[in-house]
Amino acid sequence: MNKLLAYIHSLTPFSDESWNLLQTALSEKIYRKSELMLQEGEICHSLFYINQGFCKSYYEIDGVVKNTGFFFENEITTNINSFGSGQPSEFNIVACEKLHVIIFDKEKLFKLAAQCPEIETLGRNCIRQFASRQEEFSNLFKLYSAQERLEYIEKKYPEMVQRIPLTQLASFLGVARETLSRIRKRRLSQ
């Protein structure tokens, strides 16, 4: 919980009293590699703070997996649309390795936020940060070529290149594995 508290302090001022209150909305869980945290069609009732490990969001079209996001230590993941609206999730979230998360329960969190302005501010900041990152990755596809997307990820998120298998990284970048291999090979020969 110390890493979570440090993360919270990086987002907003947070008193010991608010921390004690917040802990009543938190639970810890360990997911096995390949275990679903959220399944398509389910309603998302949680924010997941990643304490150790990483996970990904993805959907399938005709049996082909399309990776839409990767989330690492000291980050929050969720389905922001399902969490906010109560609508079923259109994608899955799965552990990519053994994953230790701290789960924020939506119902308890909302009740606490109504009582405590610091918790309300924390919730808004968590969602804002998550949405900002999602928009950042969305813009990669609007503004950059496949090679530029790879270079951006390498520079800004080196842990993705180091920890994500090449096939999954290619899917995330929107290219075939072979195309990603050619881009990397071409860059090495320059």
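The following legends describe close-up views of a predicted model.

**View 1. The four-stranded open sheet.** Four strands form an open sheet in the order β1-β8-β3-β6, and their pairing is antiparallel. The edges are taken by β1 (26-31) and β6 (76-77); each has a single partner strand, so one side of each is left without a neighbour in the sheet. Helix α1 (residues 2-11) packs on the sheet and touches β1, β3, β6 and β8 (99-105). The direction of helix α1 makes about 115° with that of β3.

**View 2. Strand β8 and its two partners.** Six bridges link β8 to β1 in the antiparallel sense, and six bridges likewise link β8 to β3, again antiparallel. His100 of β8 is the bridge partner of Ile30, and Gln52 also stands opposite His100. Of the seven residues of β8, six are buried, so this strand is largely enclosed by the rest of the structure.

**View 3. The pairing of β3 with β6.** These two strands run antiparallel and are joined by two bridges. Within this part of the sheet, Tyr49 stands opposite Ile76 of β6.

View 4. Asn51 belongs to strand β3 (residues 46-52). Its relative accessibility is 12%, so Asn51 counts as buried, the cut-off being under 20%. The side chain of Asn51 makes a polar contact of 2.7 Å with the side chain of His100. Apart from neighbours within four places in sequence, the residues in contact with Asn51 are Lys3, Glu73, His100 and Val101.

Methods: Residues numbered from 1 in each chain as written. Predicted model: local features only at pLDDT ≥ 70, side-chain atom pairs only at ≥ 80, totals over all residues. Heavy atoms only, no water. Buried < 20%, exposed > 50% of the residue type's maximum accessible area, 1.4 Å probe, protein only. Polar contact = N/O pair within 3.5 Å; in protein donor to acceptor, adjacent residues only side chain to side chain. Contact = heavy atoms within 4.5 Å. Pairing = 2+ DSSP bridges. Axes fitted to C-alpha atoms, helices over the stretch in contact; angles between N-to-C directions.
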